Amino acid sequence: MFENLSDRLGDSLHKLRGRGRITEDNVRETLREVRLALLEADVALPVVKQFVEDIRERAVGAEVLRSLTPGQALIKIVQEELTRTLGEENSELNLRAKPPAVVLMAGLQGAGKTTSVGKLARHLRERQKKKVMVVSCDTYRPAAIDQLKRVAEQVQVDFFPSSADDKPVAIAKAALAQARKSFHDVLIVDTAGRLAIDEPMMQEISALHGQLEPAETLFVVDAMTGQDAARTAAAFGEALPLTGVVVTKVDGDARGGAALSVRQVTGKPIKFLGTGEKLEALEPFHPERIASRILGMGDVLTLVEEAERKVDKDKAARLARKIKKGKGFDLNDLADQMRQMQEMGGMAALLDKMPGGAQLPKGAAGMADETQITRTIAIVNSMTPHERQFPDLIKSSRKRRIATGSGTQVQDVNRLLKQHLQMQKMMKKFSKGGMKKLMRGMQGMGGMPPGGGLPPGFGR
Amino acid sequence: MAEKHATTAYSRFKNPGFVTRLRARINRGDSWLTYDLRNLLPGDRVDQDAIDELETQLLLADIGVDATQQVIGRLQTLFDGGKLYKPVELGRALREHLGSILAPCDGPLEIPDDVRPFVILMVGVNGVGKTTTIGKVAAHLKNQGKSVMLAAGDTFRAAAVEQLQEWGRRNSVPVIAQPTGSDPASVGYDALAAARARNTDVLIVDTAGRLHTQGHLMDELKKVRRVLGKQDDTAPHEVLLVVDATTGGNALQQAQQFHEAVGVTGLAVTKLDGTARGGVVFAIAQKLKLPIRFIGVGEGVDDLGPFDSEAFMSALYGDK
């Protein structure tokens with residue numbers, strides 16, 4: 001999401017990098033570009049002003065001018081200030097209330113409230129082992145209740161049925177009573193989208209808040225929002241005691257300025273980012289990591305955490321044992337690794353988090369996207385089990401059959417076989433000497449092929 | 001004009017009071033433009049500070065960095081050339097320049113009588129109000145005496161099909177649907193076949209919201225378009241991109257990507273009532289120069305209306 005902001009900031013900051021001396025003029029020129037970059041990134045003007053002023057104060061002070069590497073020092077200040085503006089640290093949901101702890105969602109139309117309810121419910125159920133119930137108080141938009149019902153089914157949490165003929169407050173009351181009776185840990189309440197200037201609707205949500213006494217009141221905001229983000233957030237903040245923010249649709253190419261503005265204006269921590277259409281696409285928000293992503297410095301921590309969570313450790317261990325025994329790395333193993341890559345959101349998601357990944361040309365991430373992985377898997381799937389185990393069998397007529405079966409060309413099959421051969425050689429080398437290293441690599445990076453770093457298909 | 005016999009301009013069923021509502025909703029009381037101008041110019045002389053401050057105000061209104069610089073650049077030239085003295089002159093020059101950005105975007109949706117069914121494909125990112133816009137457009141067309149059919153092409157989002165069906169019920173308009181998860185292109189194909197069979201005037205095809213950065217989803221959209229063309233190679237006759245007015249600079253990226261993928265022919269700008277100032281319309285107009293077919297200023301069916309640059313400028317300036 002933050003590519004463009006990183007580009008802009010990166011450019012102006014790189015000019016300073018490595019300079020032995022910078023003057024106040026240099027700083028002023030850079031800050032002007034920082035200001036423009038932030039404005040283009042839709043950061044609200046008052047926030048930009050404050051931000052630039054803070055940096056100027058520190059930069060013109062002793063810190064930068066007397067530093068031996070003033071460029072680096074300035075970059076460090078910008079990063080620190082970004083982190084500070086985004087909030088100091090990750091804050092989890094605070095559900096320490098008498099159960100059921102209520103989470104109330106509020107926001108504009110189309111911000112992504114209902115989807116976020118689903119993602120949050122899944123997050124709480126799977127990662128925190130909570131018993132979750134969801135309820136919709138959106139009696140306005142056609143089929144909104146139905147939508148939440150479907151989402152609840154998908155993430156396997158309980159759904160409290162409501163009807164568009166009921167009053168939202170009555171629904172909330174009934175849901176709360178039911179959640180209490182059935183010993184649910186958490187009740188997540190979805191509400192209708194509303195404009196901050198719509199008085200009756202804002203009164204309604206205040207009433208809901210009063211009725212529910214939520215442990216968390218989350219403001220849901222679209223990452224693509226422009227200057228209005230700050231105003232809307234301020235208005236919601238006045239009407240409701242917000243406790244946190246969820247920023248959605250950050251997987252687009254929006255520059256993410258809204259995140260900065262909302263954090264600054266409400267003073268409330270951003271708790272989650274919605275990073276995709278699927279109901280697992282929810283990331284806890286880590287300010288320092290996002291700040292370094294904005295500056296194009298990568299977010300390796302999130303990557304490692306994701307790998308640990310999603311990679312099938314059993315499979316990795318089995319593969320390691322197999323290679324140790326001297327058996328080859330066959331095509332089944334290759335396909336497994338591809339599938340694990342897919343689980344982690346594909347190549348684009350990985351690149352996004354690698355240092356320098358944001359600076360790759362736009363097309364590069366696109367080329368390495370899921371189609372490559374899908375194609376490789378399709379080719380392997382079009383082989384017989386025997387062929388997968390003994391790829392040497394695959395000669396011209398089999399190649400033709402496999403290519404037809406997978407909708408690819410014979411050249412694609414050839415390429416895959418060649419890559420597999422290379423990987424196999426590498427594996428052999430490891431199994432002879434560097435077994436320990438291999439095992440360690442397996443644990444750290446899970447299914448990634450050892451040594452190479454990138455799986456085949458991307459190293460070309 | 002010359003073709004008056006064969007076309008129905010949407011603007012002809014302009015609902016009374018839409019312009020009044022537009023004025024009220026984007027200004028909330030006083031016109032921000034005239035209000036700001038008054039505040040910027042307490043004296044009777046235009047000075048450099050006033051122009052700098054005006055730049056800030058335009059940026060705050062989401063008019064966008066490029067459009068703002070274009071307008072301010074022109075005003076600066078006038079000022080430097082000694083042609084701007086009085087606040088009134090500044091106000092007039094500003095209105096002229098802002099107006100000239102919008103003018104190329106006039107172009108109401110016209111539905112020729114000899115094209116039947118006229119196919120409208122709705123596209124856009126998630127949560128901009130595609131389905132709601134379809135519901136409102138359908139209601140207007142229906143009131144116009146056109147027969148309308150809807151195709152529930154959002155087969156991804158939970159309950160999107162039901163949401164469209166509800167609009168269908170309210171307007172008593174048939175909705176062609178398949179279960180969630182089916183191929184949207186096939187829904188479109190079926191719907192077009194049905195619309196042809198029933199000799200329907202207008203078919204509106206809904207699609208799932210998708211972020212323009214998701215290559216595979218954009219490919220899916222291309223397929224919907226391609227498959228619609230199989231029965232009638234002129235279809236879809238209109239590809240309407242729905243843009244949320246509260247979106248900032250990203251609206252431009254969205255429009256460019258969607259345009260590359262499926263050839264956008266018109267825009268609908270929704271939720272103008274949610275912005276304090278409606279400035280994003282200028283940003284979009286300056287960059288894209290695509291006709292803006294509709295603007296939405298509220299939740300009611302009548303709150304969606306045709307775009308007219310004159311009316312919009314006069315609403316912004318709070319003309320009575």
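**Between the chains**

Reply: Across the interface of chain B and chain A, the rule finds one salt bridge, that is, a side-chain nitrogen of Lys or Arg within 4 Å of a carboxyl oxygen of Asp or Glu. This is a predicted model, in which local features need pLDDT of at least 70 and side-chain atom pairs count only at pLDDT 80 or more, while totals for chains, interfaces and linings use all residues. Residues are numbered from 1 along each chain as its sequence is written, chains are lettered from A and ligands numbered from 1 in the order in which they are written, and side-chain values use heavy atoms, with hydrogens and water left out.

Me: How much area do chain B and chain A bury between them?

Reply: The size of an interface is often given as the accessible area lost when the parts come together. Here chain B and chain A bury about 3,200 Å², 54% of it on carbon and sulfur atoms (buried area is the accessible area, with a 1.4 Å probe, that two parts lose on being put together, summed over both). On the chain B side, B:L60, B:A158 and B:L211 supply 14% of the area buried against chain A, more than any other three residues. In contact (heavy atoms within 4.5 Å) are 41 residues of chain B and 33 residues of chain A.

**Within chain B**

Me: Into which domains is chain B divided?

Reply: Domain bounds come from an automatic or database domain assignment, which gives domain 1 (16-105) and domain 2 (118-308). Their C-alpha centres lie 32 Å apart, and the contact takes 21 residues from domain 1 of chain B and 28 residues from domain 2 of chain B. These two domains bury about 2,100 Å² between them, 61% of it on carbon and sulfur atoms. One salt bridge is counted between them.

Me: Which residues of the largest nonpolar core touch the most other members?

Reply: A nonpolar core is a set of buried Ala, Val, Leu, Ile, Met, Phe, Trp, Tyr and Cys residues joined through side-chain atoms within 4.5 Å; buried means under 20% relative accessible area, exposed over 50%, partly exposed in between (1.4 Å probe, protein chains only). Of the 97 residues in the largest one, B:L75, B:L203, B:I204, B:F282, B:I295 and B:F312 touch the most other members. That core draws at least three residues from each of domain 1 and domain 2 of chain B. Apart from it lies another core, of 62 residues, among them A:C137 and A:L208.

Me: Is A:C137 buried or exposed?

Reply: A:C137 is buried, with a relative accessible area of 0%.
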